[in-house]
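Subject: Structure handover

Hello,

Here is the structure for your set. My notes on its cavities, aromatic pairs and a few loop residues follow below it.

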Amino acid sequence: MEIYVVKSGDTVDSIAASYGISVSSIIYNNQLVYPYPLAVGQALLLSAGEDSAPDYPAWVNGYAYPFIQQSVLNDTLPYLSSLSVFSYGFTTEGELVPPKVDDSFMIDAALMEGVRPVLTLTPLGPDGNFNNFLIASVVNSQTAKANLLANLLETVQEKNFQGVDIDFEYIRPEDRIPFADFVADVRNLLSAYGYHVSVALAPKTSDTQAGLLYAGKDYGLLGKAADSVLLMTYEWGYTYGPPMAVAPVNKVRQVVEYAVTRIDPAKIDLGIPNYGYDWTLPFVQGSSRAVTVSNQEAVRIAIEAGVPIQFDDVAMSPFFQYEKDGQLHEVWFEDVRSYREKFSLLPAYGLRGMGYWQIMRFFRPNWLLLADTFQIQKP
């Protein structure tokens, strides 16, 4: 497959004629909507090259909430190795708290497609936020921990999960070792039954990186404790921060370069964002709040505003500015160019695969490019 960047005066018909391909293939690959308008600077994925079998194997995980649309789930599962259901919580006593929406249909659909369904364990409090008191209560109590482990095993077996993903954030520095021991205990218990245990890691670049997101995550210890790890290499650009790429590849690469010095690369999955943000300008720290947009929605905004899409050659990410109701906006998102740059890091560093946060919106160009680049592994 080839990537084409739209120029002024281009139409779907003129691009198809130039490459000797069908108009319908361009429309399908890129989820274009009638009457198929294009934005200058828009990246299109074209089925214009010779067919060749990809030779680099990659494990592909996708996170999803139980309120995912069935059609989106069905369209995405063929491109996945595993599906992480987000999420199961727990109490200070180690009782498991299931999602409010029944997730059985996700587990069944994954198993039907030969995809590994995974229980995602998070310390989310009643307010929906990560709670490090919950973490401390369990990892420092043998009684609570034993209860949580027993409940995890029972639930995994009853619901036909095939693995557990541990996504704990804001771990206190003093719980760094107890948390790593907890991950090891989960793995020691579940591996005897053939279940895979993974852990999500905040995007660190050094052992001594300060901050509540980082201090409690010891890459070396957690890399040994789990079967695999996910580098959460996204959210540089985020809801309450200034406008910038969600996952600038220069920043992502720094995290990978540190991670491979502490963890076996064959255990590492690269975090991939499936979304962008729309900021209003000027950005005011403490009061500005970006709106999440899908990659398709971002392009639609540019088309409707009549503005070109630009591409940052350092972050390797698309962006643009537009005006609406007298207010200037700035949008950063992902396209096949930015995904191609992230994909290139897997063979460059010998990584195991990737994990998508999240798959609630189907973006076909990404999945077609992925399937053209990697051998998608199955359990």
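In α11, the buried residues are Val336, Arg337, Ser338, Tyr339, Lys342 and Phe343, where buried means under 20% relative accessible area, exposed over 50% and partly exposed in between, with a 1.4 Å probe and protein chains only. The helix spans residues 336-343 and is mostly covered, with 6 of its 8 residues buried. Helices (H or I, at least four residues) and strands (E, at least two) are DSSP runs, numbered from the N terminus.

The model is predicted, so local features need pLDDT of at least 70 and side-chain atom pairs count only at pLDDT 80 or more, while totals for chains, interfaces and linings use all residues. Residues are numbered from 1 along each chain as its sequence is written, and side-chain values use heavy atoms, with hydrogens and water left out.

The structure holds 27 aromatic pairs. Rings of Phe, Tyr and Trp (its six-membered ring) pair if their centres lie within 6.5 Å; planes under 30 degrees apart count as stacked, over 60 as edge-to-face and the rest as tilted. Tyr193 and Tyr195 are stacked because their ring centres are 6.4 Å apart and their planes at 20 degrees. Tyr193 is partly exposed at 45% relative accessibility, whereas Tyr195 is buried at 16%.

Tyr339 and Phe343 are also a stacked pair, with ring centres 6.2 Å apart and planes at 20 degrees. Both lie in α11, 4 residues apart, about one turn of the helix. The relative accessible area of Tyr339 is 0%, and that of Phe343 is 2%. These two belong to one aromatic cluster, together with Tyr56, Tyr79, Tyr356, Phe363, Trp367 and Phe374.

The charged end of Arg364 sits over the ring of Tyr28, 4.0 Å from its centre. The criterion is NZ of Lys or CZ of Arg within 6 Å of the ring centre and within 35 degrees of the ring normal.

**Cavities**

A cavity here is a set of points on a 1 Å grid over the protein atoms alone where a 1.4 Å probe fits but cannot get out; lining residues have an atom within 4 Å of a point. Points are joined across faces, edges and corners, and a volume is the space filled by probe spheres set on them. The count comes to 2 cavities of 30 Å³ or more.

The largest cavity has a volume of about 150 Å³. It is lined by 17 residues, of which Asn61, Ser82, Ser198, Ser228 and Asp269 are the closest to its centre. By class, the lining has 6 nonpolar, 7 polar and 4 charged residues. Nonpolar covers Ala, Val, Leu, Ile, Met, Phe, Trp, Tyr, Cys and Pro; charged covers Asp, Glu, Lys and Arg; the others, Gly among them, are polar.

The second largest cavity, at about 30 Å³, is lined by Asn274, Ser294, Asn295, Gln296, Arg361, Phe362 and Phe363.

**Two loop residues**

Ala315 lies in the loop between β13 (310-312) and β14 (317-324) and is buried, at 8% relative accessible area. Beyond its neighbours within four places in sequence, Ala315 is in contact (heavy atoms within 4.5 Å) with Ala245, Ala247, Pro248, Val249, Asn250 and Trp332.

Pro242, in the loop between β9 and α9 (249-259), is partly exposed at 37%.

Regards

Conventions. 1 Å grid on protein atoms, 1.4 Å probe; cavity = no way out; pocket = protein on both sides within 12 Å on 5 of 7 lines; lining within 4 Å.
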